[in-house]
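Work through the exercises below with the sequence and the model open. Each task is followed by a solution in steps.

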Amino acid sequence: MTKEEILRQVADIIADVGGLPVDEITPEKYFADDLDIDSLGLVEIGANIEDNLGVEIPDDKLAELTTVGAVVDYLAGSAQPISAG
């Protein structure tokens, strides 16, 4: 999956959780400052990303990802598939 495809899926999730227009969600946007998404909203976004993309984002890592672009970069490079386990 390309970064553009990941961004589209992540933006759709953020728009749904945050009640925002999807076209406002760009890689440089900060969750708290620009999109007004609090820590609880970020946890919900993380859970939806895990469910929809089948990857795991540890809670401590999620807290470090402060921008949309950081989430996309993490998913494109470091995210581990959820084990069926």
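**Exercise 1. Thr 67**

Find which residues Thr 67 is in contact with, leaving aside its neighbours within four places in sequence, and decide whether Thr 67 is buried or exposed.

Step 1. Contact means heavy atoms within 4.5 Å.

Step 2. Thr 67 lies in the loop between H3 and H4. Helices (H or I, at least four residues) and strands (E, at least two) are DSSP runs, numbered from the N terminus.

Step 3. Buried means under 20% relative accessible area, exposed over 50%, and partly exposed in between (1.4 Å probe, protein chains only). Thr 67 has 13% relative accessibility and therefore counts as buried.

Before going on: this is a predicted model, in which local features need pLDDT of at least 70 and side-chain atom pairs count only at pLDDT 80 or more, while totals for chains, interfaces and linings use all residues. Residues are numbered from 1 along each chain as its sequence is written, and side-chain values use heavy atoms, with hydrogens and water left out.

**Exercise 2. H1 against H4**

Describe how H1 and H4 pack, and state which residues make the contact.

Step 1. Two packed helices are described by the angle between their axes and the distance between the axes. Axes are lines fitted to C-alpha atoms, for helices over the stretch in contact, and angles run from 0 to 180 degrees between N-to-C directions.

Step 2. For helix H1 (residues 3–18) and helix H4 (residues 68–77) the angle is about 130°, and the axes are 9 Å apart.

Step 3. Angles under 35 degrees count as roughly parallel, over 145 as roughly antiparallel, 65 to 115 as roughly perpendicular and the rest as oblique. H1 and H4 are therefore oblique to each other.

Step 4. H1 gives Lys 3, Ile 6, Leu 7, Val 10 and Ile 14 to the contact, and H4 gives Val 68, Val 71, Val 72, Asp 73, Leu 75 and Ala 76.

**Exercise 3. The core and Leu 75**

Identify which residues touch the most other members of the largest nonpolar core, then follow Leu 75.

Step 1. A nonpolar core is a set of buried Ala, Val, Leu, Ile, Met, Phe, Trp, Tyr and Cys residues joined through side-chain atoms within 4.5 Å. The largest one has 24 residues, of which Val 10, Ile 14, Phe 31, Ile 49 and Leu 75 touch the most other members.

Step 2. H1, helix H2 (39–53) and H4 each give two or more residues to this core. H1 supplies the largest share, six residues.

Step 3. Beyond four places in sequence, Leu 75 is in contact with Ile 6, Val 10, Ile 49, Leu 53, Val 55 and Ile 57.

Step 4. Leu 75 is one of the buried residues of H4. The cover over the buried residues of H4 includes H1, H2, strand S1 (55–56) and helix H3 (59–64).

**Exercise 4. Ile 13 and Met 1**

Decide for Ile 13 and for Met 1: buried or exposed?

Step 1. Ile 13 lies in helix H1. Its relative accessible area is 9%, so Ile 13 is buried.

Step 2. Ile 13 is in contact with Ile 45, Asn 48, Ile 49 and Asn 52, leaving aside its neighbours within four places in sequence.

Step 3. Met 1 lies in the segment before H1 and, at 63% relative accessibility, counts as exposed.
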